Amino acid sequence: MALASPSRALTLSFLENQLATVQPNTTLRVLDIGCGSGFMSDTLAELGYGGNYTGIDIGDRFRENVAYPDAFKRTFVNADAHTFTAAEPVDLIISFSALEHIPDDEKLIAHLDTMLSDAGTHLNIVPAAWGLPLYLWHGFRQYSLADIEMRFGAQDLKVYALGGLFSFMLHFTFI
């Protein structure tokens, strides 16, 4: 984590300290939207999770070499997430700085909701609205609380704010 960007370090710290309260089941069917290399399977395995991991992305950067090869049965799907349908309900739908790159994220979120198990959880890390000076037009949008409530619904929604002024200044000054 020492070489991680401040936002990645904050997110990984959040997962380490809070994921068990967000998703207490340790055997999961995971769908990782915009999975990139699939590093999230190692992150989850390091935290004691295992099961089935499906990473989906429009570019194939998925790596087969992982630190915890026995924790998850890993599958990569090179496709648009809008067209993907899981064979069975998913317990954890996760995206790490991916939704802001999807032109119609509302349509995708509605589609993903159809794949979520009854006890399932969405965990989406998105840039805050006030991050615009940091990231400019990286992706299609930044998210305010109102944007998040509109896309996911306010009922049973938990929003965690990571970072703050110190993180903003660190990014702005050094990155």
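## Aromatic pairs

Phenylalanine 62 is buried, with a relative accessible area of 11% (buried means under 20%, exposed over 50%, partly exposed in between, with a 1.4 Å probe and protein chains only). The model is predicted: local features need pLDDT of at least 70, side-chain atom pairs count only at pLDDT 80 or more, and totals for chains, interfaces and linings use all residues. Residues are numbered from 1 along each chain as its sequence is written, and side-chain values use heavy atoms, without hydrogens and water.

There are four aromatic pairs. Rings of Phe, Tyr and Trp (its six-membered ring) pair if their centres lie within 6.5 Å; planes under 30 degrees apart are stacked, over 60 edge-to-face, the rest tilted. One of the pairs joins tyrosine 53 and phenylalanine 72 edge-to-face, at 6.1 Å centre to centre and 65 degrees between the planes. Tyrosine 53 sits in strand E2 (residues 50-57) and phenylalanine 72 in strand E3 (residues 72-78), 19 residues apart. Strands (E, at least two residues) and helices (H or I, at least four) are DSSP runs, numbered from the N terminus. Tyrosine 53 is buried at 0% relative accessible area; phenylalanine 72 is buried at 5%.

Phenylalanine 62 and phenylalanine 76 are stacked: 5.1 Å centre to centre, 20 degrees between the planes. Phenylalanine 62 lies in the loop between E2 and E3 and phenylalanine 76 in strand E3, so this pair ties together parts 14 residues apart in sequence. Ring pairs link Tyr53, Phe62, Phe72 and Phe76 into a cluster.

## Nonpolar cores

A nonpolar core is a set of buried Ala, Val, Leu, Ile, Met, Phe, Trp, Tyr and Cys residues joined through side-chain atoms within 4.5 Å. The largest has 21 residues; Val30, Met40, Leu44 and Leu123 touch the most other members. H1 (6-22), E1 (27-33), H2 (39-46), E4 (90-96) and E5 (116-125) each supply at least two residues. H1 gives the largest share, five residues. A second, separate core holds 17 residues, including Leu31, Ile56, Leu108 and Ile109.

Beyond its neighbours within four places in sequence, valine 30 is in contact (heavy atoms within 4.5 Å) with residues including Leu44, Tyr53, Phe72 and Ile94.

## Helix packing

Helix H3 (residues 105-113) packs on helix H5 (residues 145-152) at about 45 degrees, with axes 9 Å apart. Axes are lines fitted to C-alpha atoms, for helices over the stretch in contact; angles run from 0 to 180 degrees between N-to-C directions. H3 is therefore oblique to H5 (under 35 degrees is roughly parallel, over 145 roughly antiparallel, 65 to 115 roughly perpendicular, the rest oblique).

Asp105, Glu106 and Ile109 of H3 meet Met150, Arg151 and Phe152 of H5.
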